Amino acid sequence: MRRQYPFHLIEPKWQTFWDKQQTFRAFNPGDELPATHPFAQRHQLNGKVDAAQLPQKFYILDMFPYPSGTGLHVGHPEGYTATDILARYRRADGFNVLHPIGWDSFGLPAEQYAVRTGQHPRKTTDENIANFTKQIKSLGFSYDWSRELATTDPGYFKWTQWIFLKIYNSWFNPKTNKAEPIETLEYPAQLQSASGVSPEDLETQRRTYRDSKRLAYVSEAPVWWCEQLGTVLANEEVVDGKSEVGGFPVTRKPMRQWMLRITAFAEKLLADLNTIDWSDSLKEMQRNWIGRSEGASVEFQIQGSKFKVEVFTTRPDTLFGATYMVLSPEHKLVNEITTPEQKDAVEQYKQAATNKSDLERTELAKDKTGVFTGAYAINPVNGEKIPIWIADYVLASYGTGAIMAVPGHDTRDFEFAQKFSLPIIQVVQPPEGKDWQGYTDDGVSVNSASAEISLNGLPTAEAKNKISAWLEQKGLGKKTINFKLRDWLFSRQRYWGEPFPIIWKRDSNGHLYHEALPESELPLMPPSLTDYKPTASGEPPLARAKEWVALPDGSVRETNTMPQWAGSCWYYLRYIDNKNETAFVGKEAESYWMGARESLKFPVSSLGLEPTSNLKPQTSNSKVHPGVDLYVGGTEHAVLHLLYARFWHKVLFDLGYVSTPEPFFKLVNQGLILGEDGQKMSKSRGNVVNPDDILKEFGADAFRLYEMFMGPLEMTKPWNTNGVAGVYKFLGRVWRLFVDEKSETEFEQAETTSSDSNELLKLIQLHAGIREVEPTKEQLKTLHACIKKVTEDLEAMRFNTAISAMMMFINESLTWETKPVSVLRAFLQLLAPFAPHLSEELWARLDSQFGTGSSSLSYAAWPGYNSDYLIEDTLEIPVQVNGKLRDVIQVSADASQADIEAMAKASEKVKPFLEGKTIKKVIVVPKKLVNIAVA
RNA sequence: GCCGGUGUGGCGAAAUGGCAGACGCACAGGACUUAAAAUCCUGGGACCUUAAAAAGUCGUGUCGGUUCGAGUCCGACCACCGGCACCA
């Protein structure tokens, strides 16, 4: 395609300009503002300013990119473009905008490359970051690059380790419902004084107790082990029994691991979803993952034994229908209660269950299996003797690992009971016409009475309440809330991650215990290695560094490292104050950028075209508590990063380090961009679009515009390079609205002989039709309609329709003979967030010819619209008969309803449809339409 | 199975309950050109009728409802996409 305008000269020119001027540097309270900076000039600030003097903040964040070796694909810049447009818009709107970028640079690929080649992962990482930076910069995003950070930077991970220590040194106090320093933990009575035990033993016991309460603790429980990756994985990283990364098989393996007690925050993580502005689907995913369910725990006595089994049920109202009980094969009591006759069968079944991978367990789920233990439990509600089975459809990890089976009203129990011919009885009456067998919804209790209690005739909800109260009163059970959420497995057997600031020691009794490194020893650097593989004995790679591991006093370092999620749990806080050497974030900066802001009021007031510098954004009195004001990224982080980050943030909030309980107030997921064939982009399909190629042919502005023009941000949509040509042509039309055709021809000829881009650009002259004249009424109408639409669409993130509004403006304005400078300036302001390079270039040209009104387009006050200009003299009113369009009539704007009705009835096109009919009703919607209902 | 989202021209899409298809792509015709590209202008849902048009009928996944009026609201269903899935 022929080049529409010299973007290849314009774009680098303005990128360099922005870099030099530091145009997009965001200022913290206490920062020294250079008087020459356009932000200082816009807000008439100078020197050191405090938070009260600064305009309102707006924090716009992109999800943390992992700098992979393959570089950007077209999906990345979709969200980045959206946030950049809004960042630029908010700056023009008068906000102090924080819009940073950085690198989630720990991660597996660099380490795997190191394993293969011996090259230090840092080298690969640095190269990839350089490549990403170059690509991202070429798109003209208005990031404050002075705040760039990388998780692999010791200056950063020092604080990741520091936060870990805060978590390690905290416990969750159920009384205050908060994380608190471990020092506030009270010991139980028997550990209060050293009566009867030596001081050493007391301290050992206290330490054990303390360690069992910490938010970071060591567990020996079975974990997901991935042989191919050579590491353990968190629950969230295992998908369908395979590793999320690479799709390798995983197995359960008991190992000593670090866990973070995220379950303590389950209730808050769930409840606080109601305080943030996220999409329903995303909130729902988190709710499902947290998986709160209300029910009751009930104790069943084992017949002829001292043991009791506790079960969890959400349907205590069906207790009378429990005809058997099932323990998970891993349940503690299985060995205790199994009768000698059943021992072999049970042992065999248990063995088979452990050997099955979880994938097999779920895949074979259709066919229920199980074995009778020979033991019986007593149903506490009616004294019935019910058999106890073990079956792997009961999970050890959920609830108590045991259930009461109510085959009449639970699908799984029903299947199992049918297969093993166990009794099925009805205790819930479904609504008319539904079979009670396997009916699992609410109904009315039946067959549920004993000498002491009857639920018969009660609707499910009431029956639940009644039986729960009765159980509680009898000491047989109580209301219980269960969560699916498990604690977060936080250690990995890798090299390229943050080392734990933890050392292991032995006390005088020979007990191994862990201890935090002092803060003064942070950052704890990883050792240098020549071989990055795990050791032959399966220890993490760090164990190879014998000198690093062994400390002079005989203690040894922890050799696990943190998972990649650690760094991304708090990066948004470090952006606020990334150079701070004494704190992970400064208090004043944190409360300014993360604190409450005035809620936005919309629509913007009608201010005409006059510059509105110094005007603080229109606000209402209500304050919202946002944290990050807008966070944009993909859905793939729904339950990993977004849950983990919320958890860390809540710990930091409880400990008083941050000012909001939630990190991300508004979150928007950009939709997936598919290949031109409508399929997911992938190398193997060969449908991957490389942004570099698009930039080369169409330029960054056209690329940005197309990414937004494709459709609503949140939708999945296919890429179409022809579509880029469409918006590119639009930018060409903008260009031709402003420049003189003849001078452009000269420019093109000169370009064949010269390569001095500044000299070349000087050849281009503004269009002769551009003059400093009063705009006509029509021109003002066109402009203000555009301002209104673009402004409203930006507020609602409807970028695609904002662009079409600007296209309409251009289509219209190209027909003007005289183009008033004031109108063109306002249009460039609207275009600037979308196509900043072209806008800056044309803005500067207007300035140099007509004098400057403002030094910088980026901080020029956003134009308001005057609705007076939008009023039409005559309106086109559609006339319907029985809802069908019959005519469109011209009506003067001040015509009365009666006039309009009369004109509608008088219309020649309408008349035939009224003839011979009775008019039942005439609806006149002012300025909209007339509908005549006839019979 | 459960939860969430989406169904509108050849394609991407737009429409506070009020003229369905704005804006753009692709396409067709015309202007400019020796010619092509680029640019500029015009056209375009389907059907029916017609030499052409006008007029008319139908049309937003399907079926029904509310309403003067439904792409939009309500009910039932179908398809596709995403997530969860033996969670008691």
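**Figure 1. The protein residues around RNA strand B in a predicted model.** A residue is called near a strand if one of its heavy atoms lies within 4 Å of it. Of the RNA strand B atoms that come within 4 Å of the protein, 62% belong to sugar and phosphate. This is a predicted model, in which local features need pLDDT of at least 70 and side-chain atom pairs count only at pLDDT 80 or more, while totals for chains, interfaces and linings use all residues. Residues are numbered from 1 along each chain as its sequence is written, chains are lettered from A and ligands numbered from 1 in the order in which they are written, and side-chain values use heavy atoms, leaving out hydrogens and water.

**Figure 2. Side chains that meet the phosphates of RNA strand B.** An N or O atom in the side chain of Ser 293 is 2.6 Å from a phosphate oxygen of RNA strand B. For Gln 4 the corresponding distance is 2.8 Å, and for Asn 811 it is 3.0 Å.

**Figure 3. What the surface near RNA strand B is made of.** This surface has 21 nonpolar, 16 polar and 15 charged residues. Here Ala, Val, Leu, Ile, Met, Phe, Trp, Tyr, Cys and Pro count as nonpolar, Asp, Glu, Lys and Arg as charged, and the others, Gly among them, as polar. Helix α26 (residues 799–813) gives the largest share, six residues. Helices (H or I, at least four residues) and strands (E, at least two) are DSSP runs, numbered from the N terminus.

**Figure 4. Helix α3, residues 76–92.** The 17 residues should span 24 Å at 1.5 Å a residue, and the end C-alpha atoms of α3 are 25 Å apart, which agrees. The expected span is 1.5 Å times one less than the number of residues. Just after α3 comes Gly 94, with a positive phi of about 110°.

Figure 5. Strands β24 (residues 502–506) and β25 (residues 512–516) run antiparallel, joined by five bridges; two strands pair if DSSP finds at least two bridges between them. Ile 502 stands opposite Ala 516 in β25. Five residues lie between β24 and β25 in this hairpin, and Gly 510 in the turn has a positive phi of about 85°. Two bridges also join β24 to the antiparallel strand β26 (residues 556–557), where Val 556 is the bridge partner of Trp 504.

Notes:
A polar contact is a pair of N or O atoms within 3.5 Å; within protein, one must be able to donate a hydrogen and the other to accept it, and residues adjacent in sequence count only if both atoms are side-chain atoms.
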